[in-house]
Amino acid sequence: KEEVKKEPTLALDGGIDGLDFYRVICDNASKFLSQNGVIYLECGIGQSAQIKEIFASSNLYKDVCVYKDINGIDRIIKVVK
């Protein structure tokens, strides 16, 4: 679509598996969150398990949950420091 062509490449390039952006957030967000601070992330269809694993395996966060959208698709990842 035409509107996608206007996006910067950085906004569209998630690396080989499309999840590099989540890895950067995982590695850096804890520096800016207070204890019990929360991040909510939107995820694409079929990405929730991998994103959850990125955050859960980092040992920087104590809780990672996935919430479904109105159509029953995993859509929101909640991460608690």
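Mentor: Start with the elements. Helices (H or I, at least four residues) and strands (E, at least two) are DSSP runs, numbered from the N terminus. This is a predicted model, where local features need pLDDT of at least 70, side-chain atom pairs count only at pLDDT 80 or more, and totals for chains, interfaces and linings use all residues. Residues are numbered from 1 along each chain as its sequence is written, and side-chain values use heavy atoms, with hydrogens and water left out.

Trainee: In what order do the elements of the protein chain run from the N terminus on?

Mentor: The order is α-α-α-β-α-β-β. That comes to 4 helices and 3 strands.

Trainee: How do I read burial, and what share of the residues in the protein chain is buried?

Mentor: Buried means under 20% relative accessible area, exposed over 50%, and partly exposed in between (1.4 Å probe, protein chains only). Here, buried residues make up 30% of the 81 in the protein chain.

Trainee: Take C43. Is C43 buried or exposed?

Mentor: C43 counts as buried because its relative accessibility is 2%. C65 has 21%, so C65 counts as partly exposed.

Trainee: How many disulfides does the structure hold?

Mentor: A disulfide is a pair of cysteine sulfur atoms within 2.5 Å. The structure holds 0 of them.

Trainee: Now the rings. How is a pair of aromatic rings described?

Mentor: By the distance of the centres and the angle of the planes. Rings of Phe, Tyr and Trp (its six-membered ring) pair if their centres lie within 6.5 Å; planes under 30 degrees apart count as stacked, over 60 as edge-to-face and the rest as tilted. A search of the whole structure finds 2 aromatic pairs. One of them joins F21 and Y22, edge-to-face, at 6.2 Å centre to centre and 75 degrees between the planes. F21 has a relative accessible area of 57%, so F21 is exposed. Y22 has 9%, so Y22 is buried.

Trainee: Which residues have a positive phi although they are not glycine?

Mentor: N36 is one, with a phi of about 70 degrees. N36 lies in the loop between helix 3 (20-29) and strand 1. At 45% relative accessibility, N36 is partly exposed. N59 also has a positive phi, about 60 degrees. The loop between helix 4 (48-56) and strand 2 (63-68) holds N59. With 70% relative accessible area, N59 is exposed.

Trainee: How do I read contacts along the chain?

Mentor: Contact means heavy atoms within 4.5 Å. Among contacts in the protein chain between residues at least 6 apart in sequence, 56% join residues at least 24 apart.
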